[in-house]
Amino acid sequence: MYVCFGLTTIVVAVAWGALSFRLWYGRNRLRLEMPALAARLGLRHFSNAAVVGLGTWGGVVRGHHLLLVPDEGRVRAWLGREAPLTLEEYDDRRPPAAGQVAFRSSSKAFNGRFAKRHAAADVARRLTAPSREIDRLTSFLTRHRGGRLQVRGEKVNYRPLGDRDPKFIPMRGLAQRLEDFVDFLCALDALLASTQAESKTYQ
C-alpha cells in the first residue's frame with residue numbers, strides 16, 4: 001500500500017514538473033520570438049521590462065498606421081483612424097449608439113461572424129458594398145474561425161486561439177494567425193480611409 005502511494009506521488013510530481021517546464025518554456029519562447037515576428041510583419045517592437053506582456057508593436061504597414069499590444073492569449077490593436085464602428089460576435093440586443101446604424105455586409109462570412117454590426121452611415125455604406133477590402137476581411141474570417149474578434153471604434157481585440165493557450169501550439173501557427181490579422185487590420189483601415197474617419201499615427 002505504501003509502495004503504491006509512493007509511486008503515485010512520484011508520478012504526479014513528475015507530471016507536474018513537466019507541465020510547469022512546458023509553461024515556462026512556452027512563455028519564454030513567445031517573449032523571445034516576438035521581436036523577430038514584429039519585424040517580419042513590418043512593425044517595430046518596443047519592450048518594457050517593467051510591463052508584464054510581450055511588448056508593443058507599432059509602425060506603418062503598407063501605408064496603414066497600426067499599434068498592437070500582444071499578450072499571451074490575445075492581441076489588442078488600434079487602427080490608424082478612428083470611426084464610429086461596433087462589431088461583436090454576440091448581439092446584446094442594445095440599439096445602435098448615437099450616430100450609428102445597424103447594417104448587413106455584402107459578405108455572408110462577415111454577417112455570420114459578427115452578430116452585432118453597427119456603424120456610422122458612411123462606414124456602413126463602405127462595409128455593405130462589394131470591394132477588394134471586403135474580400136480580404138472575408139478571407140481572414142473564413143480561415144480563422146476559432147479566434148475571438150471584437151471591433152470598437154479604432155480598437156480591435158483579437159484572441160487568435162479562442163480559449164486555447166498559445167504556449168501549447170507551434171510558434172509557426174501563432175505567427176501565421178498574427179500575420180493574417182495584420183492584413184485584416186490593413187484592409188479594415190483601408191475601408192475607413194474613404195470615410196470621415198479621423199486619422200491617427202503611431203510612432
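Visitor: Which residue in strand 8 does A102 stand opposite?

Guide: This is a predicted model, and in it A102 stands opposite H118 in strand 8. Strands of a sheet pair through backbone hydrogen bonds, either parallel or antiparallel. Here strand 7 and strand 8, residues 116-119, pair in the antiparallel sense over two bridges.

Visitor: In what order do the nine strands form the open sheet?

Guide: The order is 1-2-3-4-10-9-6-8-7, with antiparallel pairing. Strand 1 (44-46) and strand 7 (101-102) each have a single partner strand, so one side of each is left without a neighbour in the sheet.

Visitor: Where does A115 lie, and with which residues is A115 in contact, leaving aside its neighbours within four places in sequence?

Guide: A115 belongs to the loop between helix 2 (108-113) and strand 8. Apart from neighbours within four places in sequence, A115 is in contact with E88, E89, Y90 and D91. From A115 to Y90 the separation is 25 residues in sequence and 5.4 Å in space, C-alpha to C-alpha. A115 counts as partly exposed because its relative accessibility is 35%, and the exposed class begins over 50%.

Visitor: Which residues line the second largest pocket?

Guide: Rolling a probe the size of a water molecule over the atoms shows where empty space is left. The second largest pocket has a volume of about 150 Å³. Its lining consists of R74, E88, E89, Y90, R148, L149, Q150, N157, Y158 and R159. By class, three of these lining residues are nonpolar, two polar and five charged. Strand 9 (148-152) and strand 10 (155-159) each supply at least two residues of that lining.

Visitor: Which residues touch the most other members of the largest nonpolar core?

Guide: In soluble globular proteins, nonpolar side chains tend to be buried together. The largest nonpolar core here has 43 residues, and L68 and F181 touch the most other members. Helix 5 (residues 171-193) gives the largest share of this core, twelve residues. Leaving aside neighbours within four places in sequence, F181 is in contact with L68, V75, A77, F140, L149, V156 and Y158.

Visitor: What is the phi of R62, and is R62 buried or exposed?

Guide: R62 has a positive phi of about 50 degrees, although it is not a glycine. R62 is found in the loop between strand 2 (56-61) and strand 3 (64-70), and counts as exposed at 55% relative accessibility. R93, in the loop between strand 6 (85-88) and strand 7, also has a positive phi, near 65 degrees. At 71% relative accessibility, R93 counts as exposed.

Definitions and conventions: Residues are numbered from 1 along each chain as its sequence is written. This is a predicted model: local features need pLDDT of at least 70, side-chain atom pairs count only at pLDDT 80 or more; totals for chains, interfaces and linings use all residues. Side-chain values use heavy atoms; hydrogens and water are left out. A nonpolar core is a set of buried Ala, Val, Leu, Ile, Met, Phe, Trp, Tyr and Cys residues joined through side-chain atoms within 4.5 Å. Buried means under 20% relative accessible area, exposed over 50%, partly exposed in between (1.4 Å probe, protein chains only). Helices (H or I, at least four residues) and strands (E, at least two) are DSSP runs, numbered from the N terminus. Contact means heavy atoms within 4.5 Å. On a 1 Å grid over the protein atoms alone, a cavity is a set of points where a 1.4 Å probe fits but cannot get out, and a pocket is an open set with protein on both sides within 12 Å along at least five of seven lines; lining residues have an atom within 4 Å of a point. Grid points are joined across faces, edges and corners, and a volume is the space filled by probe spheres set on the points. Ala, Val, Leu, Ile, Met, Phe, Trp, Tyr, Cys and Pro count as nonpolar, Asp, Glu, Lys and Arg as charged, and the others, Gly among them, as polar. Two strands pair if DSSP finds at least two bridges between them.
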